[in-house]
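Here's a quick tour of one model, meant to be read with the viewer open. Have a look, and then we'll go through it piece by piece.

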Amino acid sequence: MQQVRKRATTHEAAPHLRQILVTGGTGAIGSAIVQALGALQAERGWQVVANYAHDDERANEVRRATGCQLVRADIAAEEQVQALFLQLPRLWAVVHAAAVVDDGLLARHSTPRWRETMRVNADGA
């Protein structure tokens, strides 16, 4: 991935807030992380940014419950990640919780199923 040099200022938080990006922030594990971090936002001086790739309804539920900022991008698509980083101010931390769960015996996974799982879980990291 190329170095992102220029950052937009349209979504910048107050300079004293430290931004924490949670990828997969609307999934089961990601939303629990967003909720836990969000509960400490005021005390710790940070702002939680939840990333999601689809399901606007779920994303809005998480935002209502936690007060987080939402950003939409497929974390395994390099061009979308570059655009995501351009719209956010400098990040203090990133929690990678984006994942695809596709349980089953490896011998029974098709090549396309395996590629999609690895695209998000490994390439997205």
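Which residue caps the N-terminal end of H5? In this predicted model, the cap is Ser-110, with a side-chain oxygen 3.2 Å from the backbone nitrogen of Arg-113. H5 itself covers residues 111-123, and its end C-alpha atoms are only 16 Å apart, whereas a straight helix of 13 residues would span 18 Å.

Now for the sheet. It's an open one made of 4 strands, ordered S3-S2-S1-S4, with parallel pairing. S3 and S4 sit at the edges, each pairing on one side only. From one strand to the next, the twist averages 25°.

Next up is the packing. The largest nonpolar core counts 13 residues, and Val-22, Val-34, Leu-37, Val-48, Cys-68 and Leu-70 have the most contacts inside it.

Zooming in on Leu-37, and skipping its neighbours within four places in sequence, you'll find it in contact with Ile-20, Val-22, Trp-46 and Val-48. There's also a second, separate core of 12 residues, including Val-49, Ala-73, Ala-76 and Val-120. As background, nonpolar side chains tend to be buried together in soluble globular proteins.

Terms used: Residues are numbered from 1 along each chain as its sequence is written. This is a predicted model: local features need pLDDT of at least 70, side-chain atom pairs count only at pLDDT 80 or more; totals for chains, interfaces and linings use all residues. Side-chain values use heavy atoms; hydrogens and water are left out. A nonpolar core is a set of buried Ala, Val, Leu, Ile, Met, Phe, Trp, Tyr and Cys residues joined through side-chain atoms within 4.5 Å. Buried means under 20% relative accessible area, exposed over 50%, partly exposed in between (1.4 Å probe, protein chains only). Contact means heavy atoms within 4.5 Å. Helices (H or I, at least four residues) and strands (E, at least two) are DSSP runs, numbered from the N terminus. The expected span of a helix is 1.5 Å times one less than its number of residues. A polar contact is a pair of N or O atoms within 3.5 Å; within protein, one must be able to donate a hydrogen and the other to accept it, and residues adjacent in sequence count only if both atoms are side-chain atoms. Two strands pair if DSSP finds at least two bridges between them. Axes are lines fitted to C-alpha atoms, for helices over the stretch in contact, and angles run from 0 to 180 degrees between N-to-C directions.
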